[in-house]
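Work through the exercises below with the structure open beside the text. Try each task before reading its solution.

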Amino acid sequence: MLDRLGSMLVKEFLQLRRDRWLLMRLVLPLVIQLLIFGYAATFTVHDVATDVLDLDNSQASRALISRFTASGRFRVVAHASSQEQVTRDIDRGHAVVAVVIYAGFQRRLQAGSSAPLQILVDGTNSNTALIASGYIGQIVATFSSEVDAGLQRPGSAMVPPPTGIELRSRPWFNPGLADTWFFIPGVIGSLTLLQVVTLTAFAIVREREVGTLEQILVSPITPVEFVLGKTIPSFVVGCVTVSLVSILGILWFGVPFVGSLLVMFAGATLFLLATIGLGLLLSTFSRTQQQAFALNFFFVNPFFILSGFAFPIAAMPRVLQWFTLVNPLRYFLVVIRAVFLKGVGFAALWPEFGALAALAGVMLAVSVLRFRASLQS
């Protein structure tokens with residue numbers, strides 16, 4: 001058996017070596033997608049197009065506007081002359097945010113009373129709108145506290161305000177709140193899922209499509225040896241993918257790795273076995289590579305969306321949360337992010353390892369049984 005399996009593996013690796021375009025398709029997309037996610041995938045908002053309508057035109061109003069431009073988050077594109085111009089600019093997409101400062105703004109501040117400030121936000125892109133609104137709240141709160149502190153300077157006749165609560169936040173595991181530290185470990189799992197499932201499904205379907213599957217199966221090689229010969233190279237490619245993307249993320253983007261390599265590759269092994277089982281299962285339902293591609297798109301994209309890569313699973317509807325329970329990428333993202341940023345071990349990640357082991361066992365068993373049945377049909 002080992003001799004036949006060894007011959008099968010030599011054949012597969014020689015085929016990978018001879019297909020130079022295949023090697024390019026394996027490596028180049030990894031690098032390109034890593035760079036795209038590393039630089040483009042971010043929750044941080046910069047240079048939000050902003051309209052300003054200053055009806056007070058005072059020192060205080062100009063000081064507040066300067067806070068917006070100095071923050072680097074907002075870019076003033078127009079100083080509007082009327083409310084109608086503000087509405088028109090937002091309707092046409094020329095501005096995302098509008099700041100309206102009413103007349104009497106400085107006089108109200110100096111009198112110690114509230115000074116209304118209107119903020120209009122284009123909610124077409126709800127994510128940008130929410131983040132920009134948060135930035136605005138921080139800028140206005142800081143400006144308001146500084147105005148209060150100026151009114152309470154020594155010699156002022158006003159009564160000092162009561163002592164309040166001072167909030168000091170300390171983010172753990174990601175002190176700078178860098179989005180890259182969150183996304184790059186997720187990219188490792190997502191790219192591995194896409195690549196391994198595609199390789200496994202297409203490798204078997206290609207043999208069936210060109211008519212060599214029957215020739216191989218009438219040889220002394222058993223169906224189990226054939227499946228192992230086709231899936232072990234996918235497992236090796238998956239390990240190389242995890243290693244390559246991890247190294248690029250650490251060296252190029254500066255993502256820290258504080259955990260154990262043993263824990264990471266133990267989780268990667270279980271994840272790869274589950275994805276290989278999925279790819280093998282898809283191959284049993286496909287007669288051509290076009291069908292395999294369609295099935296691959298149908299399954300991999302929902303797995304990606306329902307993995308917690310960018311959208312919290314807890315915020316999804318209850319029914320979709322149930323679907324995530326059979327998604328191996330969900331558990332692997334928890335493992336790899338925890339290993340990269342938190343340095344936790346098996347003791348904290350045993351639920352994820354248990355779920356990955358169960359999914360790998362079930363998917364491989366069902367896939368092998370289904371593959372045997374497909375050979376007889």
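**Exercise 1.** Does leucine 325 count as buried, partly exposed or exposed, and why?

Solution. The model is a predicted one. Begin with the place of the residue: leucine 325 sits in the loop between α12 (318-323) and α13 (328-342). Next, take its relative accessibility, which is 44%. The cut-offs are under 20% for buried and over 50% for exposed, with partly exposed in between. Leucine 325 therefore counts as partly exposed.

**Exercise 2.** Find the order of the strands in the open sheet, and state which strands stand at the edges.

Solution. The 4 strands follow the order β2-β1-β3-β4, and their pairing is mixed. At the edges stand β2 (74-79) and β4 (117-121); each has a single partner strand, so one side of each lacks a neighbour in the sheet. From one strand to the next, the twist averages 25°.

**Exercise 3.** Describe how β3 is joined to β4, and name the helix that packs on the sheet.

Solution. Strand β3 (residues 97-101) and β4 run antiparallel and are joined by 5 bridges. Within this pair, isoleucine 101 lies opposite leucine 117 of β4. The helix is α4 (residues 83-91), which touches β1 (48-54), β2, β3 and β4. The direction of α4 makes about 170° with that of β1.

**Exercise 4.** What share of the 377 residues counts as buried?

Solution. The share is 40%. The protein has 14 helices and 4 strands.

Definitions and conventions:
Residues numbered from 1 in each chain as written. Predicted model: local features only at pLDDT ≥ 70, side-chain atom pairs only at ≥ 80, totals over all residues. Heavy atoms only, no water. Helix = DSSP H or I, 4+ residues; strand = E, 2+ residues; numbered from the N terminus. Buried < 20%, exposed > 50% of the residue type's maximum accessible area, 1.4 Å probe, protein only. Pairing = 2+ DSSP bridges. Axes fitted to C-alpha atoms, helices over the stretch in contact; angles between N-to-C directions. Contact = heavy atoms within 4.5 Å.
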